[in-house]
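Student: Could you go through this structure with me, beginning with the ligand and then moving on to the sheet?

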Amino acid sequence: MDQIGIGLAGLGTVGAGVYKHLIQNRAIISERVGLELAVRRIAVRSVGLVRSVHAPAEIITSHWEELVDDPAIEIVVELIGGIDAAYQLIMRALDAGKVVVTGNKALLAERGFEIFEKAAEKGIPIFFEAAVAGGIPIIKSIREGFIGNHIESIHAILNGTSNYILSKMTEESLDFPEALRQAQAEGYAEADPTLDVNGWDAAHKAIILASLAYGFWIGTNQIHVAGIETVNGLDVRFADRLGYKIKLLATIRTNRDDLVEAHVHPTLVPKQHVLASVNGVFNALMVRGDLVGDTLFYGRGAGQDPTTSSVISDLAQAAIWYDSGGKAFGFTPHGWYGECLPIEQVSSGYYLRLSVIDAPGVLAQVASILGSHQIGISSVIQPEGHEGDAVPLVLIIHDAPFDRMRTAVQGIQSLDCVKAQPMLLWVLS
Ligand SMILES: NC(=O)c1ccc[n+]([C@@H]2O[C@H](COP(=O)([O-])OP(=O)(O)OC[C@H]3O[C@@H](n4cnc5c(N)ncnc54)[C@H](OP(=O)(O)O)[C@@H]3O)[C@@H](O)[C@H]2O)c1
C-alpha cells in the first residue's frame, strides 16, 4: 500500500493521542483511506521528556522547521497550541506545499483570515475539525453536510469546563469558586482556567463557526463575550425557580437584514429546551438551516481520545485529497452575508437580579425606569432572605435591544433603593 508522510508537531495531550491511535488503529485506517498514514517526524519542545507514548528517538526533533523542510512529509499536523510559533509553522508549511491539519482554535480565531488567504493562494487545504467541539464533526457538517442551506442560527455549548462548573452549581448548589475547585480536582479545568471561564475559549470556536456559516471573517472585536465568573449561586437557584438553567451559550444567527449576530455569555435557557439538559463536560450544538430545519450535535468537546478522533478524520481527508488532487478545503469567502449586527442592536429577553431595600414602592421605581425605555417586565419574584439590609428582587424582562436594556440598568443602579451592582443575564427565547 502507498504511504503518505506525516509531520506531527506536538506530542502533548492531543499529539500523543494521535500518534498512539495512528499506530493502534493503523490497519483499519489504511483499509478505509486506501493509503498508509506514516508519521515520519515529530516536533516537541523538550526532546528529553519522558512521555506516555514511545516514538522512535530518531524521528523526534525540537526544531519544527525540520517537518516543513522534509520532502518525505506531505501533511503537517500542528498540535503545539499558542499563536506565534504555530502561525510560523502553518505559514511555512503552506509555503512549502504541505497540507495542514490543526486543532488550534485560538490561532484560527486570531489569524485565520491570513492563514486561509495563504492556503487559497497556494491552492492547498487546511483541516481543522478538532478546533471546534473536540470530537463532534461540526466543521464537516457545516462545510459539507449543510452546503445547500442558509444557516439561520447556531446555539451552542462549546466549553466543557464552564458547562461542568455550571452543572455543579445547579446540581449541588455550589458557588462558582467551589465548583471551579472541584473541576480542577477532577481534571476538567486547567490550573489556569482563565480562557475557559472568561468565555474566550468558546468565543474562539464561535468565531470559526460564524465565519464558516456566513462566509466572511469575523474579527475578535466583533463578538460580544462574557464569562461565567460573575454568575453566582443565587442566580442559578432563582433561574431554576423561574424555569431556566444557566448555560454559557454561543449564539450565532442572522436577522431579517442578513446581519450576523455572534455573542457568547451566560444565558438563561428554558428547562424544556434541549440544550438545557446538556450537563457536565459535554458540548452540544443546535444548528438550524433553512432546508434541514433543526439539527442537534452532542458529544465530548475536549480530551485526548475525542479530539484525536477529529484529527485522524482530518488526516484521512487530507491524505485522500493529496492522493487524488481536488478542491481545496479551507475557508471559502462569499459575499452573501458580510456584516455583523452591533451587539447594542441585538434583542433578547433578560434576567435582572437586584439587591434592594425592603420597602414599599421599590418595584414601582424599577418598573418606571424600565417603562421609560419601553422595556416590559414578563415576571417578577421576590424570594425570601435578606442580604444585610437588602432583599433580592428578580425580574424576567421581555425582548429589548441590548443598548436600551444596558442604559435602563444603569438608571436602576443609580436608584437609592438599589444596594448592589445589578446582575443582568440573557434569556434564550
Ligand atoms: N487538549 C484538548 O482536549 C484539546 C481539544 C481540542 C483542541 N485542542 C488544541 O490542540 C492543540 C494542542 O493541545 P494539547 O492539549 O495537546 O497541548 P499540550 O498538551 O500543551 O501539548 C503541546 C505540545 O506541543 C509541543 N510544543 C509546544 N511548543 C512547541 C514548539 N515551539 N515547537 C515544538 N513543539 C512544541 C509540546 O512539547 P513538550 O511536550 O516537549 O512540552 C507538547 O508536546 C492546542 O491548539 C489546543 O487548543 C486541544
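Tutor: A polar contact here is a pair of N or O atoms within 3.5 Å. Please keep in mind that this is a predicted model.

Student: Okay, how far is an oxygen atom of the ligand from the side chain of arginine 51?

Tutor: An N or O atom in the side chain of arginine 51 lies 2.8 Å from an oxygen atom of the ligand, which falls within that cut-off.

Student: And which backbone atoms come in?

Tutor: A polar backbone atom of valine 14 is 2.8 Å from an oxygen atom of the ligand, and a backbone N or O atom of glycine 303 also lies 2.8 Å from an oxygen atom of the ligand.

Student: How much of the ligand's accessible area does the protein cover?

Tutor: The ligand on its own has 900 Å² of accessible area, of which the protein covers 79%.

Student: What is the shell around the ligand made of?

Tutor: Its residues comprise eleven nonpolar, nine polar and three charged ones; of the 23 residues around the ligand, those that come nearest are Leu11, Val14, Ser46, Arg51 and Gly303.

Student: Switching to the sheet, in what order do the strands run?

Tutor: The order is β3-β2-β1-β4-β5-β6, an open sheet of six strands with parallel pairing. β3 (60–61) and β6 (126–127) each have a single partner strand, so one side of each lacks a neighbour in the sheet.

Student: What does helix α4 touch?

Tutor: Helix α4 (residues 84–95) packs on the sheet and touches β1, β4 (75–78), β5 (99–102) and β6, while its direction makes about 170° with that of β4.

Key
Residues are numbered from 1 along each chain as its sequence is written. This is a predicted model: local features need pLDDT of at least 70, side-chain atom pairs count only at pLDDT 80 or more; totals for chains, interfaces and linings use all residues. Side-chain values use heavy atoms; hydrogens and water are left out. Two strands pair if DSSP finds at least two bridges between them. Helices (H or I, at least four residues) and strands (E, at least two) are DSSP runs, numbered from the N terminus. Contact means heavy atoms within 4.5 Å. Axes are lines fitted to C-alpha atoms, for helices over the stretch in contact, and angles run from 0 to 180 degrees between N-to-C directions. A residue is near a molecule or strand if one of its heavy atoms lies within 4 Å of it. A polar contact is a pair of N or O atoms within 3.5 Å; within protein, one must be able to donate a hydrogen and the other to accept it, and residues adjacent in sequence count only if both atoms are side-chain atoms. Accessible areas come from the Shrake-Rupley method with a 1.4 Å probe; for residues, only the protein chains shown count as cover. Ala, Val, Leu, Ile, Met, Phe, Trp, Tyr, Cys and Pro count as nonpolar, Asp, Glu, Lys and Arg as charged, and the others, Gly among them, as polar.
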